[in-house]
Amino acid sequence: MNFFERLSLLDRRWVYLILAAVVVITLLIKFATPIRINPEVRSIYDFVEARKPGSYLHMAIDYDPGSLAEMHPMTYAIMEQALAKGIKIIMTALSPNGPGMAEQAMLDIMDSVRIHTGKQLTYGQDIVFLGYKPYPGIVILSMGQNYRLSFPSDYYNTPLDSIPMMKNVINYDNVDGIILITGTSGVDFWISYANGRYNAPLAVGLTGVMAADYYPYLKSGQIFGLMGGMLGAAEYEKLVHRPGRAMEAMRVQVWTHMIIIIFIFIGNAGYLISRRKGGVR
Amino acid sequence: MSWETFLWTTLSIALTFCTFSFLYRDNPFYKFSESLFVGVSAGYFTIILWYSGLVPTLIDRIWVGQPWWQIWGGKWWYIFPGLLGMMMWFRFSKKKGWISRYPIAFYLGIATGAAIPLEMQNRVNRQLADTLVAPNFSAGFVAGVSDIIIVIGVICGLFYFFFSVPHKGLFGGVAKIGIYTLMIGFGASFGYTVMGRISLFIERVQTIRDWVRMGFEGGNGMTAVVWIFALLVVLLVLMEIMRHLRKKATQDMA
């Protein structure tokens, strides 16, 4: 049994241990990795930058704790940029475990903006969280007619008409755009219903697993921007000059990917050598 | 940093370790964290559904301050969707299960009517129209070539799924280009998936690191919790190594 054959029979737990060691070591050692900004991420940044203070942005926070690692950095970076510019944000969460994510992000970001810019944000005047409603397709369609159909009151049970920033907001026509951060297939509803039916400008931040499937919508113009996984989040953090967890994670990604590539090479080499010897078929 | 935040974070770190212990082998700690996750998710979802869905969109619309036995005064017609919803529960009866088909039929009719035209328009027609376009070299040479590759890739990919003709000769060659295109697509998805999975692990390690920092900066009490936790983890690892060695020694003796 040669070296490659032995490695191909290696207990997979050693692979996990090596990967864990690489992640821990590269997190402890501080070094920077170059991050190149892709046009599909820059277009979201440019869109938010071009908004005037007082304009409205709809942030759809449709993810569960399972995809928090990739999604939270995107949410934080975009919302901090928008709130610092004086853009008003309407938040919704159409994923069952999403309200907790959205509320945590909202409270953290309000604090963060106050610390970084000295700007005191007020709930109901600068930001509002409408909460969760089941059946995302129907909710997205109904918000195109009137936000009040699905959300007569916000997450804290305050009627929408009693919230100062919602008084003149009826539907998607009153918001400049929708930025969807999601780890669910609900993105299809947003594309077909919010953009397709109501022509609402839509950009998406997706988990790495989903990102490759949605590039055709970018090319067709149905979405104007796309952030894919941790890389997309890191690019956005770089654009807003606020290095966070995503930028830090990218240097770990580089090394873990190299290790995975080496493992794939060894596994395939072992397989090919075994096959040549007439072993595995 | 408050004790409350610190203890909740400690609990989340403990559950992270319990979950990752499955990578070594199945064990009661993993089973506990798995069951806890399923239970908490179901409970959380039920409460969210009740207070975000049923109460504001049904109950609060029918009863606007009047006594519970009196349905007029509010939007009494909401009683009908409420009844349709209740009919769904007949799914659990073997004899009366047929009643649940009516609300399902109602829901399917609405959902299909809303979905089919929009899905066809946005996910089929629009995609087709924007795929089969003349190459746009004005946006740059790479963009133009990319447009050509997309058109060729889409046509060849469709040929691959055309099984009425044997994949031989010219047709076979085109289908082969199609399968190569699909493989490149799967490769891109796999690459992103690897990044996604590693991202989840990195975030957990970042959280553990921040928790350790929080413990050491939070005073003696919090520092003690971190040390006790670390000691417990080390003890568990040592116990597992001892168990493994004993098992190996027994096997060697046999």
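**Close-up views of chain A in a predicted model**

**View 1. Pairing of strands β1 and β4 in chain A.** In β4(A), A:Gly177 is the bridge partner of A:Leu57. Strand β1 (residues 56–62) and strand β4 (residues 177–182) of chain A run parallel and are joined by six bridges. The model shown here and in the following views is predicted.

**View 2. The open sheet of chain A.** Six strands of chain A, in the order β3-β2-β1-β4-β5-β6, form an open sheet with parallel pairing. At its edges lie β3 (127–129) and β6 of chain A, each of which pairs on one side only. From one strand to the next, the twist averages 15°. Helix α11(A) packs on this sheet and touches β5 and β6 of chain A, its direction making about 115° with that of β6(A). In total, the secondary structure of chain A comprises 12 helices and six strands.

View 3. Four bridges pair strand β5 (residues 202–206) of chain A with β6(A) in the parallel sense. Within this pair, A:Leu206 stands opposite A:Gly228 of β6(A). In a regular strand, side chains alternate between the two faces of the sheet. Strand β6 (residues 225–228) of chain A is covered on both faces: A:Gly225 and A:Met227 are buried on one side, and A:Leu226 and A:Gly228 are buried on the other.

**View 4. The largest nonpolar core and the surroundings of A:Ile61.** This core holds 90 residues, of which A:Ile61, A:Ile89, A:Met91, A:Trp190 and A:Leu202 touch the most other members. Helix α4 (residues 68–84) of chain A supplies the largest share of the core, 10 residues. Leaving aside residues up to four places away in sequence, A:Ile61 touches A:Thr75, A:Met91, A:Ala93, A:Gly98, A:Met101, A:Ala102, A:Ala105 and A:Ile181. Across chain A, 46% of the 281 residues are buried. Of the contacts in chain A between residues at least 6 apart in sequence, 72% join residues at least 24 apart.

**View 5. The side of chain A that touches chain B.** Here 44 residues of chain A are in contact with 36 residues of chain B. Several helices of chain A each supply at least two residues to this side, among them α2 (12–28), α6 (136–145), α8 (187–195) and α11 (229–239). The largest share, seven residues, comes from α12(A). By class, this side of chain A has 23 nonpolar, 15 polar and six charged residues.

Notes. Residues numbered from 1 in each chain as written. Chains lettered and ligands numbered in written order. Predicted model: local features only at pLDDT ≥ 70, side-chain atom pairs only at ≥ 80, totals over all residues. Buried ≥ 20, exposed ≤ 12 C-beta atoms within 10 Å, placed from the backbone. Contact = placed C-beta atoms within 7 Å. Core = buried A, V, L, I, M, F, W, Y, C linked by C-beta atoms within 7 Å. Nonpolar A, V, L, I, M, F, W, Y, C, P; charged D, E, K, R; others polar. Pairing = 2+ DSSP bridges. Axes fitted to C-alpha atoms, helices over the stretch in contact; angles between N-to-C directions.
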